[in-house]
Amino acid sequence: MSLFHLTGRRLKVFLRQPAFLLATLIQPVIWLFLFGNLFRRIVDLPGFGGGNYLTYLIPGIVVMTAVSSSMWSGMGVLEEIDRGTMNRFLATPARRGAILDAVVIETTLSVTFQAVVIVLLGLAAGAEYTWGGVLLLLAAAALLAVVFSALSNIAGMLVRQRESIIGLNTLLLLPLTFLSSAFMVPGLMPAWIRAVARGNPVNWALEVCRPALAGAADWPRTLQYGGGLLLLAAALLVLSSLTFRSYQKSV
């Protein structure tokens with residue numbers, strides 16, 4: 001089995017459960033319109049820079065959704081293990097790395113679809129963006145999906161307990177989101193949060209696209225943070241492959 005066939009198999013499962021995808025969009029839509037209306041006057045604070053808060057908020061909602069959705073990836077790996085499907089794949093000529101890569105690709109595609117829906121809803125509600133910035137936002141969301149999908153897969157293979165995946169999602173989602181510029185400009189954050197945000201991959205994703213979304217692309221900054229995300233994604237994919245080899249030896 002090739003990566004193409006394994007990914008196609010995962011996408012068939014995904015397409016047969018459209019209700020699950022729609023359910024994952026409910027929370028970001030609530031955040032979008034609740035926060036967008038509740039904090040719309042925050043742009044009047046000195047130092048925020050003015051503008052439309054919804055325009056500022058949408059990238060934060062997109063990256064938050066990317067983290068939340070991709071962190072459930074390990075659940076799919078656990079289901080494959082529990083059903084015995086994973087062991088059957090190991091008895092085929094399928095490339096071992098492709099088995100997990102297919103899970104990551106399927107997760108990344110679903111996150112990208114969710115990001116497109118959120119951006120379109122935001123535009124319909126009055127947000128304004130450059131299309132180049134939107135493309136960078138989608139690319140950053142996809143890289144975040146790779147990072148956290150690989151991390152979730154690693155956790156799934158190591159602990160093999162659903163409760164641990166749920167706990168990891170709960171532990172990481174809100175701290176990573178609020179310790180970033182998802183909802184507030186860095187200039188109005190406490191100094192310690194700004195310091196933490198500099199090492200936060202969620203904030204890297206926002207730094208990749210925010211200047212371009214505002215129509216003032218900063219390519220050195222985009223390449224710096226985009227390169228950091230790319231390296232982190234590659235490192236976690238390698239680590240997930242090594243973890244999968246350890247799993248193979250245990251069966």
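Asn203 is in contact with Ser180, Ser181 and Ala197, leaving aside its neighbours within four places in sequence. Contact here means heavy atoms within 4.5 Å. Asn203 sits in helix α10 of a predicted model, where local features need pLDDT of at least 70, side-chain atom pairs count only at pLDDT 80 or more, and totals for chains, interfaces and linings use all residues. Residues are numbered from 1 along each chain as its sequence is written, and side-chain values use heavy atoms, with hydrogens and water left out.

- Asn203 counts as buried because its relative accessibility is 5%.
- Buried means under 20% relative accessible area, exposed means over 50%, and partly exposed lies in between (1.4 Å probe, protein chains only).
- The side chain of Asn203 reaches the backbone nitrogen of Ser181 at 2.9 Å.
- That is a polar contact, a term for a pair of N or O atoms within 3.5 Å; within protein, one must be able to donate a hydrogen and the other to accept it, and residues adjacent in sequence count only if both atoms are side-chain atoms.
- Gly199 is found in the loop between α9 and α10.
- With a relative accessible area of 52%, Gly199 is exposed.
- Gly199 and Ser180 are 19 residues apart in sequence, and their C-alpha atoms are 9.5 Å apart in space.

**Overall build**

- The protein has 11 helices and 0 strands.
- Helices (H or I, at least four residues) and strands (E, at least two) are DSSP runs, numbered from the N terminus.
- Buried residues make up 49% of the 251 residues.
- Take the contacts between residues at least 6 apart in sequence: 80% of them join residues at least 24 apart.
- The accessible surface comes to about 12,100 Å², and 68% of it belongs to carbon and sulfur atoms.
- Accessible areas come from the Shrake-Rupley method with a 1.4 Å probe; for residues, only the protein chains shown count as cover.

**Confidence**

- The protein averages a pLDDT of 84, and 84% of the residues score at least 70.
- pLDDT is the predictor's confidence in each residue, from 0 to 100.
- Where pLDDT is low, the predicted coordinates should not be read in detail.

- Helix α3 covers residues 53–70, and its 18 residues should span 26 Å at 1.5 Å a residue.
- The expected span is 1.5 Å times one less than the number of residues.
- The end C-alpha atoms of α3 are 26 Å apart, which agrees.
- α3 is mostly covered, with 18 of its 18 residues buried.
- Asn52 caps the N-terminal end of α3, with a side-chain oxygen 2.9 Å from the backbone nitrogen of Leu54.
- Helix α4 (residues 73–83) has 8 of its 11 residues buried, so α4 is largely enclosed by the rest of the structure.
- The buried residues of α4 include Met75, Val77, Leu78, Glu80 and Ile81.
- Just after α4, Gly84 takes a positive phi of about 85 degrees.

**Nonpolar cores**

- A nonpolar core is a set of buried Ala, Val, Leu, Ile, Met, Phe, Trp, Tyr and Cys residues joined through side-chain atoms within 4.5 Å.
- The largest core has 57 residues, of which Tyr53, Ile58, Val62, Leu144, Phe148 and Phe183 touch the most other members.
- Helices α2, α3, α6, α7, α8, α10 and α11 each supply at least two residues of this core.
- α7 gives the most to this core, with 13 residues.
- Apart from this core lies another, of 7 residues, among them Val77, Ile81, Val103 and Met157.
- Leaving aside neighbours within four places in sequence, Val62 is in contact with Ala115, Ile118, Val119, Leu137 and Ala141.

- Trp131 is in helix α7, and at 57% relative accessibility it counts as exposed.
- Ala139 also lies in helix α7, and is partly exposed, with a relative accessible area of 38%.
- Ala212 is in helix α10, and at 8% relative accessibility it counts as buried.
- Ala212 touches Thr130, Gly133, Leu136 and Ala217, not counting residues up to four places away in sequence.
- Trp131 and Ala212 are 81 residues apart in sequence, with 8.7 Å between their C-alpha atoms.
- Ala212 and Leu136 are 76 residues apart in sequence, with 7.7 Å between their C-alpha atoms.
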